[in-house]
Amino acid sequence: MTRAPVLTFTPEGIYCPAGDFYIDPWRRVDRALITHGHSDHARWGMGRYLATHEALPVMRHRLGDIVAEGIAYGEQRVIGGATVSFHPAGHVPGSAQIRVEVAGEVWVASGDYKVIDDGLSAPFEPVRCHHFITESTFGLPVFHWEPQETVAAQLNDWWRGCADAGKTAILGAYSLGKAQRLISMLDPAIGPVLCHAAVENTNTVMRAQGITLPDTILANKDVTAKTHPRAMVIAPPSALGSAWSKKFGPQESGFASGWMAMRGVRRRRAGDRGFIISDHADWAGLLWAIEQTEAENIYVTHGYTDIFTRYLNEQGWNAQVVPTQFEGENLDASDDSGEAA
Amino acid sequence: MKAFAELFTAIDQSTKTTIKINALADYFNAAEDIDKLWTIALFSGRRPKRAVTTTRLREWGAEVAGIPLWLFEECYPIVGDLAETIALVLPPNQTTDNRPLSQWINDLREVYKADDAAKKAFVLDAWARLGGTERFIFNKLITGGMRVGVSQKLMTRALARATDRDEAELAHRLMGNWHPDDTTWHALIEAQDASADASRPYPFYLAYALEGGPETLDDPADWRAEWKWDGIRGQLILRGGEHFVWSRGEELMTDRFPELARAVDFLPDGSVLDGELLVWQPGAAHPDSFNTLQPRIGRKSVPKKMLKDAPVVLHAYDLLEWEGEDIRHHPFKDRRAQLEAACAALPADAPVKLSPQLPFTTPSDLHAYRDTAREAFAEGLMLKRADSPYLAGRKKGDWWKWKLAPLTIDAVMIYAQSGSGRRANLFTDFTFAVRDGETLVPFTKAYSGLTDAEFRQITAWVRKNTLQRFGPVRQVTPHHVFEIAFEGIQASPRHKSGVALRFPRMLRWRQDKPLTEANTLDDLNEMLRVYG
């Protein structure tokens with residue numbers, strides 16, 4: 001007798017027949033388990049949501065009035081014939097890998113993850129499983145992340161240089177996760193940290209749930225280069241070079257993303273400076289995470305799926321590509337549109 | 001290498017001209033002559049002899065990185081640059097070596113004759129000693145082409161500031177055939193006699209596109225009109241009994257166009273002509289299409305048959321040097337009169353001809369010419385102010401090109417592929433089809449013409465509408481119609497549709513047009529009949 005797989009890949013999303021629920025679905029379904037609040041994973045219109053307590057406030061903030069329940073990291077819950085639990089993915093505050101066990105067979109859907117500790121998110125915890133669903137946004141050996149302190153030093157050097165030259169430093173970053181991580185890396189002795197409303201709203205939500213962030217100032221219409229000299233401005237990428245940014249006077253713009261590792265992309269997108277920092281795992285991080293799961297079967301959902309899968313197969317895993325609508329770190333979209341375009 | 005790497009980084013990470021010029025000028029003020037010389041050479045496309053083949057370099061790179069070669073080869077097109085790909089896959093480390101740029105180049109020259117084992121030892125040792133940008137630059141020295149965001153113009157300006165010399169004079173000195181192996185900083189930049197090299201060309205004067213039409217120009221009597229030919233721009237130099245032919249890209253093409261050798265029989269020594277290289281059959285009323293010229297450009301030596309089938313003639317439209325004197329500062333009408341006098345006695349079979357001027361009195365005359373440009377095998381008109389000097393580089397005001405509107409066709413996007421380098425994470429390379437009954441016939445690829453915002457939008461759409469993947473290529477739902485512009489069309493048995501387009505690009509994303517309004521194969525064949 002062949003058993004139905006624990007998780008299957010359907011046009012609606014990743015589905016668990018035993019528990020009749022979906023993980024990060026992209027079409028409307030009754031019951032959705034959500035790995036984290038980015039708009040390509042937490043979409044509007046599901047009947048019920050289940051996510052970590054830490055992920056819920058941002059989801060409510062973004063999705064409005066939803067029927068949602070929280071769960072603690074590591075807490076087990078039985079849904080139909082499946083036992084599920086959420087484990088830290090280290091991607092953004094509240095992000096989780098979702099473990100699903102049915103009759104002793106364990107699957108883990110990891111959503112987006114990174115394996116280094118960013119100081120804000122619960123650090124990635126490998127979960128042993130038989131089947132591991134992984135991203136591969138940066139699944140090429142050209143991607144290697146420097147330690148966070150190194151990038152922090154580069155950021156602060158740039159900011160200090162701008163401030164000393166009488167310029168405002170404006171840094172583009174996703175408003176959920178990346179922005180707060182950058183803020184926590186800044187040296188407040190250099191000057192004030194101003195945040196675009198999209199970023200500051202998320203800061204407020206996170207502070208309210210007990211996450212400690214350095215002081216920031218909402219860059220409303222009264223805040224300019226005159227009122228706040230030596231400032232660092234954190235804004236969604238779409239705000240860079242916009243009419244809104246004009247009020248900060250003489251300025252340099254920077255962009256923080258894993259894509260900045262490639263000179264070509266850096267030159268196209270970075271403005272004045274590109275900082276290589278990502279909330280996704282680099283090549284070594286992906287391989288380490290996969291190894292730690294001890295899984296034999298690997299499903300690669302988004303990123304450099306074909307190349308990464310071929311490499312895994314060559315290294316002895318049983319890997320396959322599963323097309324999804326996850327976006328990974330999409331440098332060209334602002335995650336703040338609600339729809340990850 | 002550290003100082004050069006810092007310069008490179010400063011230039012590379014800024015988009016602001018002033019920052020780049022400052023960084024260059026600071027470098028030129030501080031560096032040793034030999035390093036300065038190599039810096040100018042590298043930034044103007046000259047490079048050391050390639051000591052190591054790129055095949056070996058890839059193998060060694062993959063080996064040191066501990067990855068299979070196929071994986072390296074997959075990364076390369078995504079990164080878009082071999083030197084950078086190697087620098088990125090190698091295990092990260094810090095630079096512990098302080099050899100200057102010129103020393104590294106010398107050391108590379110030393111291993112040129114060594115065997116593979118010695119070359120490998122040298123390269124691996126360099127990778128172990130160099131980190132970050134320095135390692136990238138080292139790889140660039142081997143693979144060549146240090147293209148950074150520095151135009152010749154910008155570098156010349158910085159050099160002018162650092163050396164306190166005239167910019168136009170420096171631009172001229174930097175033209176032509178020099179190489180750091182056989183000159184010095186002093187000889188190139190500072191020495192009195194800048195014209196020592198007989199082959200040295202003048203910087204080309206380049207026109208901007210005229211957007212508003214000839215009505216936007218002042219008094220028509222102050223202007224001269226010519227066909228804008230669809231060939232390659234060339235500068236013919238006759239000095240010291242020899243002749244030299246330069247392309248606009250500063251490539252010496254003398255050997256590619258042996259028919260021009262006879263120019264020395266008809267024109268006096270000490271002449272420099274600016275014109276267009278065209279394939280023009282004896283006695284023909286117009287030149288052949290660019291397609292006939294194309295194979296000539298790629299050939300370093302030309303077989304007899306090709307010389308006979310595709311004879312090249314220089315159609316001269318300007319005179320830059322006469323009787324050994326640089327006359328670029330003379331008014332265009334005077335240079336032109338001198339050119340006409342010089343060409344008056346040319347026999348019919350001379351490899352140089354005078355490119356005619358088109359008489360006109362009103363802007364509407366110019367419109368009439370432009371409407372017939374395609375029949376004349378020209379791609380539009382050139383409008384030049386009668387009293388304009390011959391300037392260096394692209395300058396606004398005195399010279400304009402007024403090109404024909406391109407041919408266009410509405411086509412359906414059916415395949416998408418991601419770009420490389422700057423556009424590695426976007427879908428930018430598309431295949432387009434025309435309708436043929438119920439089927440779609442692919443006929444061209446295009447990868448330019450959309451804005452970054454449009455590429456982002458179409459990328460998101462491709463991700464959600466992929467029907468099938470063939471490696472990096474995605475077949476997408478036929479849905480979006482694009483207006484494809486192109487400069488020419490010809491029959492091609494190599495293409496499924498039977499046609500090949502010249503310089504196809506996306507003119508507009510026709511989001512207003514449904515699939516059913518895209519053009520058909522019949523439409524395409526009709527264009528081939530009319531314009532092919």
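Reply: In this predicted model, 28 Å separate the centres of domain 1 and domain 2 of chain A, taken over C-alpha atoms; domain bounds come from an automatic or database domain assignment. Local features need pLDDT of at least 70 and side-chain atom pairs count only at pLDDT 80 or more, while totals for chains, interfaces and linings use all residues. Residues are numbered from 1 along each chain as its sequence is written, with chains lettered from A and ligands numbered from 1 in the order in which they are written.

Me: Which residue ranges make up domain 1 and domain 2 of chain A?

Reply: Domain 1 comprises 8–142 + 280–337, and domain 2 comprises 148–275. Between them, 21 residues of domain 1 are in contact with 24 residues of domain 2; contact requires C-beta atoms, placed from the backbone, within 7 Å.

Me: How many residues does each chain bring to the contact between chain A and chain B?

Reply: Chain A gives 24 residues and chain B gives 30 residues. On the chain A side, α5(A) supplies the largest share, five residues; helices are DSSP runs (H or I, at least four residues), numbered from the N terminus.

Me: Which residues touch the most other members of the largest nonpolar core?

Reply: In general, nonpolar side chains tend to be buried together in soluble globular proteins. A nonpolar core is a set of buried Ala, Val, Leu, Ile, Met, Phe, Trp, Tyr and Cys residues joined through C-beta atoms within 7 Å, where buried means 20 or more other C-beta atoms within 10 Å of a residue's own. Here the core has 211 residues, and A:V233 and A:I234 touch the most other members.

Technical notes: Contact = placed C-beta atoms within 7 Å. Helix = DSSP H or I, 4+ residues; strand = E, 2+ residues; numbered from the N terminus. Buried ≥ 20, exposed ≤ 12 C-beta atoms within 10 Å, placed from the backbone.
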